[in-house]
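Biologist: I would like to learn how to read domains and salt bridges in a protein model. Could we go through one together?

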Amino acid sequence: MRLRTLTLRHFRNVAFARLDFVGRRQFFVGQNGQGKTNLLEAAGYLTAARSFRTAESATLLMHDQTTAAVACTLEHARLGETQVTIKVHRHSKELWCDQTRVTRLADYLGKFPTVVFSSQDLQLVRGAPAGRRRWLDLTLAAMDGSYLQALQTYTRALAERNALLKKGGAVAAQLEAFERVLAPAAVELIARRISGLQSIGAGMAAGYQKLCDGTEPAALVYAPDFAQPDQEALLARWAAGRARDLALRSTHTGPHRDDFALKVSGQEAKDFGSEGQQRSVVLALRLAQAAWFHAKSGVRPVLLADDVLGELDPGRRRKFWATIDPESQVLATGTALPDAELGTWEIFRVKEGDFQPEASA
Amino acid sequence: MTPAFEKLQQQLKQLPGLGYRSAERIALHLLVEKPAQLTALVSALEAAARSVRRCERCGNLAEGDVCGICADERRDRSVVCVVEHVPDLVALERSGAYRGSYHVLHGKLSPIHGVGPDQLNLAALQARLAAGEVAELILALSNDVEGEATCHYLTEQLPPAQAVKVTRIGFGLPSGGGVLYADSVTLKSALDGRRSYS
């Protein structure tokens, strides 16, 4: 997939911008706080109508505006030339695909993959499990409508069960009723996480080898709260935990407590990895995500590299670019122009939400 | 506008499906354009409020102790179709496809919204089951999280001694509809709910 035009309106600090892209390499250069990341955020919004920076739609709107819009024309491996428009309102959003309104997110997901490389990705290694779960859910749901449906069912049923736990009293029969709704959704989530993380993990291990010259092996290890994708076993576990859950007023076991570990040479990168190892692990994870999207959907994702070039030493930078699928479109940002050795880019100067293409060098 | 008019408009606006403009239109219509309708409407409201209540057996709307369906001797009382709300019952009746009886729960379990078993019309259903007159329970609740949980709850609460057959209505393709235009979630439940064909 390749973006040919990208239009933003009232999106964060961008009042209006219409950008035309000719090739597969675009670079946005400017000082901090000018709107470079906002542009990548808008491009990333196409994938699942979700921002990689915030869960709050309202923060995407320009000050004093009620609607923001992102529109693009893209070349698509399956759909040919396609127009996608997303309007973001304060509490809702509208998706349009070739002038047709999309009413079900499940029908839209997986068609327009993008992968973000951001300096905040280090949190995937260092941060709390919730961040890794969010990445996992967004990644798997982006390619798989059934995963999204299971996730929505699970989340809703869990909220109902937790509401019962907060109320307390003699609610065992009601708890069981919601556990029976949770169980099939949980089985679906666990099974799909096992297989998804297996493929992505294999890709990550291979990518890490390339980035680091194969000196040490890296691995992605699923750390489920409960590993058996079996309804009866899960039901027994929730039933056994009711007294504790009632005392603590929330559900303390289930796939909403899952995690995964990123390991280098068998040790957790979170605790034992050097800064460089952690950065390489995250890059390898994102590259594997891109490869997995491509394998699942048959569409090459657009890569959105938010100021990651600047953070790598020249050796790693070269290997990173050598690892990337050369057919993929890359939108990259930075405070300085990329090295000449990284090939030719279409350059855009970014200042106060305004984008000026630079005459090709 | 006058204070009395505004108060009327406020009251109308709180009715389901009515916004500010519709409320204003209805109020003007009743007071200015067709005042003759007003007396008829008020007396119809009063009469209905006096006489319409819940059927003791099934929870449907009734005048008197039981509703028209429960009073009808030709309806099969051994089959009970459990629905969430009265409009669901009306829709099923309109289909003309069902000759059994009903039970209206007036909601579904949703702890988030403060709805528990005590808020649902369950005691009357228990009484019907205990009386041993029910052979089949058709669960026609919506297939969202709360509807499914309510189905599980009802099934768990069945008296164990009796052999009551419990069925769930099918979910899938609309009649006359092709596979092509169905969304992925509907197709999935249509495939899950397939049955042998011969």
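This is a predicted model: local features need pLDDT of at least 70, side-chain atom pairs count only at pLDDT 80 or more; totals for chains, interfaces and linings use all residues.

Biologist: Into which domains is chain A divided?

Modeller: Domain 1 of chain A covers 1-113 + 299-361, and domain 2 covers 128-296. The centres of the two domains, taken over C-alpha atoms, are separated by 28 Å.

Biologist: And which domains does chain B have?

Modeller: The assignment for chain B gives domain 1 (3-51) and domain 2 (64-196). Between the centres of these two domains of chain B there are 35 Å, again over C-alpha atoms.

Biologist: Back to chain A. How many residues of domain 1 are in contact with domain 2?

Modeller: In chain A, 22 residues of domain 1 are in contact with 20 residues of domain 2. The area buried between these domains is about 1800 Å², and carbon and sulfur atoms give 68% of that area. R316(A), K319(A) and T323(A) supply 28% of the area that domain 1 of chain A buries against domain 2, more than any other three residues.

Biologist: What polar links cross the interface of domain 1 and domain 2 of chain A?

Modeller: The count between the two domains of chain A is 4 residue pairs in polar contact. For salt bridges, the rule finds 1 across this interface. K319(A) forms a salt bridge with D213(A), with the closest N and O atoms 3.1 Å apart.

Biologist: Which elements give two or more residues to the side of domain 1 of chain A that touches domain 2?

Modeller: They are α2 (105-108) and α11 (314-323) of chain A. The largest share of that side, 4 residues, comes from α11(A). By class, the side of domain 1 of chain A that touches domain 2 has 11 nonpolar, 5 polar and 6 charged residues.

Biologist: Now the salt bridges. What is the general idea?

Modeller: Side chains of opposite charge can pair when their charged atoms come close. The cut-off used here is a side-chain nitrogen of Lys or Arg within 4 Å of a carboxyl oxygen of Asp or Glu. By this rule the count over all chains comes to 36 salt bridges.

Biologist: Which parts does the pair of R4(A) and E75(A) tie together?

Modeller: The side chains of R4(A) and E75(A) form a salt bridge at 3.4 Å, N to O. R4(A) lies in strand β1 (residues 2-11) and E75(A) in strand β4 (residues 67-76) of chain A, so the pair ties together parts that are 71 residues apart in sequence. R4(A) counts as partly exposed, at 27% relative accessibility, and E75(A) counts as partly exposed at 31%.

Biologist: Which parts does the pair of R4(A) and E81(A) tie together?

Modeller: The side chains of R4(A) and E81(A) meet in a salt bridge at 2.9 Å, N to O. E81(A) is in strand β5 (residues 80-89) of chain A and R4(A) in strand β1, so this pair ties together parts that are 77 residues apart in sequence. At 49% relative accessibility, E81(A) counts as partly exposed.

Biologist: Is E41(A) buried or exposed?

Modeller: E41(A) is buried, with a relative accessible area of 0%. Its side chain meets that of R12(A) in a salt bridge at 2.6 Å, N to O. R12(A) is in the loop between β1 and β2 (14-20) of chain A, while E41(A) is in helix α1 (residues 36-48), 29 residues apart.

Biologist: Which residues do salt bridges that share partners join into one network?

Modeller: R161(A), E179(A), R242(A), R244(A) and D245(A) are joined in that way.

Notes
Residues are numbered from 1 along each chain as its sequence is written. Chains are lettered from A and ligands numbered from 1 in the order in which they are written. Side-chain values use heavy atoms; hydrogens and water are left out. Domain bounds come from an automatic or database domain assignment. Buried means under 20% relative accessible area, exposed over 50%, partly exposed in between (1.4 Å probe, protein chains only). Contact means heavy atoms within 4.5 Å. Buried area is the accessible area (1.4 Å probe) that two parts lose on being put together, summed over both. A polar contact is a pair of N or O atoms within 3.5 Å; within protein, one must be able to donate a hydrogen and the other to accept it, and residues adjacent in sequence count only if both atoms are side-chain atoms. Ala, Val, Leu, Ile, Met, Phe, Trp, Tyr, Cys and Pro count as nonpolar, Asp, Glu, Lys and Arg as charged, and the others, Gly among them, as polar.
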